[in-house]
Amino acid sequence: MPDPLLALSIGIGVMGAAAYVLWPRSGLIARFQQGFLRAKRVLMEDALKHLYDFEYRNLSSTLESIAGALGINGDEAAALVTRLETLGLIVRRQADLGLTAAGRSYALRIVRIHRLWERYLADETNVSEPDWHREAERREHYMTGEETERLSKYLGNPLYDPHGDPIPTSFGTLPGPRGTSLASLEEGRSATVVHVEDEPSSIYAQLVAQNIYPGLLVRTIEKSSKRIVLEAGGNDIVLAPVVAANVSVVPHEQRIREDRLHRTLGDLRPGESARVVGIAPACKGLQRRRLMDLGIVPGTTIVAELESVGGDPVAFRIQEASVALRRQQANFVFVEEISSGGNV
Amino acid sequence: MNGRSDTPNKSILAVANALRWEIGEGLHDSVTADLYREAERIAGVVTARSGKGQRLDLDRILDRILTSRAFGFPTMFLLLALVFWLTIEGANVPSALLSTLLVDQGHPFLKSLSAAFGVPWWVSGPLVDGTYLAMAWVVSVMLPPMAIFFPLFTLLEDFGYLPRVAFNLDFLFRKAGAHGKQALTMAMGYGCNAAGIVSTRIIDSPRERLIAILTNNFALCNGRWPTQILIASIFIGVLAPPYLAGAVSALAVVAVVLLGIAFTFLVSWMLSRTILRGTASTFSLELPPYRPPRILHTLYTSLIDRTLIVLWRAVVWAAPAGLVIWLVSNISIGGVSLAAHVVQSLDPLGLLIGLNGIILLAYVIAIPANEIVIPTLLMLTVLFHGIADVGTGAGVLFELDSPAAVADLLHAGGWTLLTGINLMLFSLLHNPCSTTLYTIYRETGSVKWTLLSALIPLVIGFTVCFFVAQVWRIVVGV
Amino acid sequence: MTRTEIEQCEICPANPNAKLLHLGAKIDGSDHIVALAGNPNVGKSTIFNQLTGLRQHTGNWPGKTVTRAEGAYVYDGKRYKVIDLPGTYSLLSTSTDEEIARDFILFGRPDVTVVVVDGTRIARNLNLVLQILDITDRLVVNVNLVDEAKRVGLSIDGRALARELGVPVVLTAARTGEGIPHLLHEIANLASGKVFTKPFRFVTTSKHVQRGVEQLSQLIQKAYPAIPNTRWIALRLLEGDQSIIDAIRHGELGLLATTGRRDEHVAVEGAGDERTQ
């Protein structure tokens, strides 16, 4: 039998090595996969996506913009553009670069996969928001057409990604950009957020941290050249105009009743009842449909019945049935007219 | 039915697509809200409430008690303890009876019967000593506890208590990325892991269901309880003064169960953060009204649906295992039995992780049914260490009447306290039995998840045993 | 003409199960196919057991029946095959269970679909009933657990419900077997074409959606004049329902024209609501 001390140190060494190789995201395997992303095909696809993105936003793309977006140097970018040109996917014009029809349809296919994935991650999983984009960037290069269609079907053929960008159809059609910039919203006007730009990631991280997402109702309280103050979900949000410019909104024709969106089912104490106003737009996909299946729709009266031993979940009486919801879910449900006399 | 060419179809789809962009995403919400409004209107027209029903009040009072901070957990522990106690106590007598009937009497009877008919030993050996005995063993160990545990559990289920347990325990499981209903699939797993896997159907969220399936094996099943209790009393109970022996060995078994629960949470947490990160997840838990259970009906269906099906599968898998046990101990290559070859090659690995080659071989053979681990161990130990006067021959499973006799035999086989402790750990942390694996395959329809559910506990088992053995040898020195 | 009320003597308790023969799992060679749908935990499996004589486990717990159970019985000389569909809250979401249930009712074309409804939770269960009414008109609504409803002080007017929905309604307490003969009778009447229904079809209130549905359903109407409920198809297309999109792409939509009408041809005039005989 080997010396136990020796065996123990070998054992610890093996464990350490396994962790080094397998550790999620920073392990060898994960890093190898990331390195793979720099492969030629992936670079080409990313370049096409970049060109498409600029075209959609009416900006002109150049060698420099490609190099910047992909994080490669000018020489590599030039080689990449030459290759794409020979493949007939892009054309060089006087001042900038443009997509050919073939290039555009290729780009749209990648964009479609990317946005479907973001949608899936946002709706069906609990992957956190800053990771959606990164995860989708990785997966978009490895999906066959058939897999893409299956994903789309599974999601019920969604129209928009979680940032509010339209998802191209399998025929490659796409509507133009929606809404106007939040920076241009007049003081005192309310609006619905329809799109949150996810690049550059530093600005996107600020928007996520401020909890701004498509579907959110906002109202400008104060506006100056230095800052924009918004009211949303009962909180004040302060944004720099540059940051606000990355958010698109559709202004409302009328003003929304101000107190409406402040209370949620999570605020109910056992015995209290309230009427549902709506489900927060942040609650999407499967989760949202489940809540609606349970009868949580505008107009339903709900009574908080029981707290579990741990205080979470809480059981609610919804349409004669007793349904347990976790606090995180209950906080998605906006309610009004809370009353304590809630004995059904 | 005319003019159904491709063109109108295409234009229908194109128009639909354009309209979808125009209408936007609120469609599902508004349609569902409309449906409910209409449903509520109709319900208002056709139903009338006459005073307050008594049942509803009773439900409410029950719920207040069963989910209260003061009584929620105590009631739950008491009820579960009662179910386990009834199972263990109640199973003793019929188990002994079945064992006498099938093993002590049935086996010699079949032996003499085959002898009377002049059946050669190489036919009666594998069939009677191998296959029959393994099946008889599984039936007598497995049937009585399952026939008691499952109906009791089903009664609690029909009454409506189990959803309240899930409700109370959800906060723990939520932190591990799992569903409160997993508590029930675990409880079911203490009866039988295969039944536990089937019961994960009550979890309708895909990710949480997979977590429950992959971790169910950490619930110590009925086939492994006897091993734990026996080894605990032989190796750990004897360390304490005689009047404490029973309590100490019981505590050791409880510690193993708690370790299993700890691993359930740990592995659930790791799974939900790594490979299952991108899997669909949602939470819903309804608390159905309490209904008086129909006892006879429940007895019947739980016996048919759960007990017999699980038992049948176990027996089907045990039969070939018995055959293999007989064959490896009786087929010789170069004068040494097949089993000896295998044990010799497994011995270094077994000793390294504080077990031995015989235990590893017993676990390989006992993949079909954990019930036969102890008889296989005893038979192989006798075979290898040439212990006379015990057992009934190569490849013939047997059990000894007193734990003391087993202890003597195992000590003679070179077992130490470390071997005992590591066997208890390995019995908790190894691959599920083949019945369970087959059930996992049936439920998930995926080879990948089936393999993973075998590999996760196996890797953990080897790792834990390895480190325990090395640390033990450094600290204790043996 | 619509007839939903039944002469009581035909189903009087003096002659309860005289015409019934359980066939258990012997399901080959059936005259009619009956689908059982409903929310989870409403006693659907108990009804299934009562009809077929099988003993599927029925727990007080949603989600017991996952695999599709099949059974059969003979009633009044005809063989009926019963399919117990997975319990669902709705047909609008996209879970596998819902897809199985929906596709069976839609494409499997059962002769009769029985929707089992929890008598203590009518409003919530009617949501599903209204959705199924949109797909098929050969529907019997079975309000189950009426004994439990009575105990909580709730009384249900079956006739009023039948009037509202335009389909036969049967009240049962399946655990004791109460009302099962009536249910068998209604299934037989509908399957053999003795009774016709005039199902209630709900209209969405959103003007926006209505306009889209109108425009699309006219197109579908033109391409498939025989389809009874084009508005529903239109609505599903607007929701992006893949099985409907596929059905149109592959030209299978025409199959729906005969939903539930395999053995007789029925002339359809105008929209699906005005069915004549």
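In this predicted model, the side chains of A:Arg275 and A:Glu336 form a salt bridge, with 2.9 Å from N to O. A:Arg275 belongs to strand 9 (residues 273-279) of chain A and A:Glu336 to strand 13 (residues 333-339) of chain A, so this pair ties together parts that are 61 residues apart in sequence. Counted over all chains, the structure holds 36 salt bridges.

- A:Arg275, with a relative accessible area of 30%, is partly exposed.

**A pair within one helix**

- Another salt bridge joins the side chains of A:Glu135 and A:Arg139, at 2.9 Å from N to O.
- Both residues sit in helix 7 (residues 129-139) of chain A; they are four residues apart, so about one helical turn separates them.
- How accessible is each partner? A:Glu135 is buried, at a relative accessible area of 14%, while A:Arg139 counts as partly exposed, at 26% relative accessibility.

**A partly exposed pair**

- The side chains of A:Glu85 and A:Arg92 also meet in a salt bridge, here with 3.2 Å from N to O.
- A:Glu85 is partly exposed, having a relative accessible area of 31%.
- A:Arg92 is partly exposed too, and its relative accessible area is 44%.
- As a general point, side chains of opposite charge can pair when their charged atoms come close.

- Which residues are joined into one network by salt bridges that share partners? They are B:Glu286, C:Asp118, C:Arg121 and C:Arg124.

**A nonpolar surface patch**

- Which helix gives the most to the nonpolar patch? That is helix 19 (residues 447-475) of chain B, which contributes three residues.
- A:Leu5 counts as exposed because its relative accessibility of 51% is over the 50% cut-off.

Note on methods. Residues numbered from 1 in each chain as written. Chains lettered and ligands numbered in written order. Predicted model: local features only at pLDDT ≥ 70, side-chain atom pairs only at ≥ 80, totals over all residues. Heavy atoms only, no water. Salt bridge = Lys/Arg side-chain N within 4 Å of Asp/Glu carboxyl O. Buried < 20%, exposed > 50% of the residue type's maximum accessible area, 1.4 Å probe, protein only. Helix = DSSP H or I, 4+ residues; strand = E, 2+ residues; numbered from the N terminus.
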